[in-house]
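The sequence and the structure come first, and the description follows.

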Amino acid sequence: MMSTPMNSKGIVVAKLGSSTLVDGRFRIDRDFVRGLCDQIAALVGEGYRVVLVSSGAVAAGLDRLGFERRPDDIGSLQACAAAGQVALAEAYGEVLAEHGIPCGQVLLTRRDVIDRDGYLNARTTLESLLTLGAVPVVNENDTVSVAEFTFGDNDTLGAIVATLVGADLYVILSDVDGLYDANPDVEKDAHLITRVDRIDGGIVAAAGDSTSGVGTGGMSTKVRAARATMAAGIPTVVCRGRAPHVLEDVVHGKQVGTRFEAAGGQHEASRKLWIGLAEIPKGSITLDDGACRAVVEQGASILPVGIVKVEGEFGRGDVVNVLSPEGVLLGRGVVRYDSDEMVRVRGLRLDVIARFMPEKDGVPAIHRDELLVF
């Protein structure tokens with residue numbers, strides 16, 4: 001079975017995990033890097049523009065600084081990231097230069113993209129590098145990031161980068177073949193799921209956690225990232241990064257790994273994608289069944305009458321998670337009530353709310369123009 005090839009030479013974002021990049025002693029696998037860069041160079045030669053989102057800075061830094069295992073304290077981890085970023089830039093830059101292709105390092109923290117101006121500036125930098133024929137190598141700036149502003153995993157960072165540059169394809173090069181219907185390490189009859197056009201509770205349940213010891217993301221983070229890129233209309237493939245010529249095969253439309261692609265090819269507006277991907281949720285609201293159907297099937301705004309539960313402390317204009325009655329993440333949106341107000345008005349019709357909060361007459365909890373439904 002063949003996937004649909006990309007119709008024109010477009011933008012490919014490839015994300016590489018730490019466990020794929022480094023060997024068992026936390027050293028950068030130079031032979032693998034060379035093979036990957038050879039594939040990137042071949043795609044660039046065909047007319048594709050490629051962005052590489054590379055994990056591995058901390059892992060590579062462990063070797064450079066003489067650590068035998070990943071340290072626990074933040075200072076040492078950030079020092080490893082600093083040393084490892086240099087090692088990564090050298091590794092990719094040297095091989096790409098042999099092909100006559102420059103590369104540019106782009107380090108981001110979530111702080112850089114939660115601000116709308118920062119988000120646009122990051123997009124401009126990446127687009128300029130691509131226009132100039134360079135391969136941007138993107139990673140989280142672990143040397144300065146703090147817990148509340150981390151992406152948490154580079155699968156999410158890769159999804160943000162893919163939406164930033166309007167990618168035609170997002171490829172997650174992993175240490176697994178793709179998404180299975182059960183844990184293949186436990187269930188011998190587990191089957192690879194080759195295509196996902198809708199992420200429901202069954203797909204979420206099939207996703208597992210990382211066991212490599214050097215990465216921060218497992219299959220669950222890949223499914224979350226794919227849910228966002230599907231909303232952006234960007235096909236996403238999760239596959240084994242060390243398979244020969246795998247990046248070229250995916251771009252050329254061969255059936256490899258698990259392909260996530262929403263039916264109908266929906267494309268959300270860039271502001272909605274920014275809300276859903278870049279912003280940090282400050283709380284959550286849970287909807288009843290009727291409100292869920294209205295939001296998912298009809299694209300409706302969220303009204304207070306359909307809200308059954310409010311969690312967290314947030315202000316007007318903050319982003320919150322929108323959950324189903326079962327706790328499944330439906331989307332994210334900008335609230336027009338603060339958390340105290342939301343607790344007061346949940347379950348009430350707008351005409352009732354207007355009697356004691358006249359300033360909220362006709363105001364939805366979240367307007368559909370500020371709601372990203374995954």
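A pocket is here an open set of points on a 1 Å grid over the protein atoms alone, with protein on both sides within 12 Å along at least five of seven lines, and its volume is the space filled by probe spheres set on the points. The model is a predicted one, and in this model the second largest pocket holds about 830 Å³ of space. Its lining is made up of 32 residues, of which R198, V296, L330, V373 and F374 are the closest to the centre of the pocket. Two or more lining residues come from each of the elements α9, α12 (289-298), β12 (329-334) and β13 (371-373), and α12 contributes the most, with six residues. Divided by class, the lining of this pocket has 16 nonpolar, five polar and 11 charged residues.

| Helix pair | Angle between axes | Axis separation |
|---|---|---|
| α7 (residues 154-164) and α9 (residues 219-231) | about 15° | 8 Å |
| α2 (residues 30-46) and α4 (residues 74-98) | roughly 45° | within 9 Å |
| α6 (residues 116-131) and α7 | about 75° | 9 Å |

Helix α9, which is among the elements that line the pocket, packs against α7 at an angle of about 15°, so the two helices are roughly parallel. The crossing of α7 past α9 is right-handed, and in the contact D155, T156 and A159 of α7 meet T221, K222, A225 and T229 of α9. The residues of this contact comprise two nonpolar, three polar and two charged ones.

Helix α7 also packs against α6, here at an angle of about 75°, and because angles from 65 to 115 degrees count as roughly perpendicular, α6 is described as roughly perpendicular to α7. On the α6 side the contact is formed by Y119, A122, R123, L126 and E127, and on the α7 side by V161, T163 and L164; by class, these are five nonpolar, one polar and two charged residues.

The remaining pair consists of α2 and α4, whose axes cross at roughly 45°, and these helices are therefore oblique to each other. Their crossing is right-handed. From α2, the residues R30, V33, R34, L36, C37, D38 and I40 take part in the contact, while α4 supplies A91, Y92, E94, V95, L96 and E98. The contact of α2 with α4 has eight nonpolar and five charged residues, and no polar ones.

Definitions and conventions. Residues numbered from 1 in each chain as written. Predicted model: local features only at pLDDT ≥ 70, side-chain atom pairs only at ≥ 80, totals over all residues. Heavy atoms only, no water. Axes fitted to C-alpha atoms, helices over the stretch in contact; angles between N-to-C directions. Helix = DSSP H or I, 4+ residues; strand = E, 2+ residues; numbered from the N terminus. Parallel < 35°, antiparallel > 145°, perpendicular 65-115°, else oblique. Left-handed = near helix turned anticlockwise from the far one by under 90°. Contact = heavy atoms within 4.5 Å. Nonpolar A, V, L, I, M, F, W, Y, C, P; charged D, E, K, R; others polar. 1 Å grid on protein atoms, 1.4 Å probe; cavity = no way out; pocket = protein on both sides within 12 Å on 5 of 7 lines; lining within 4 Å.
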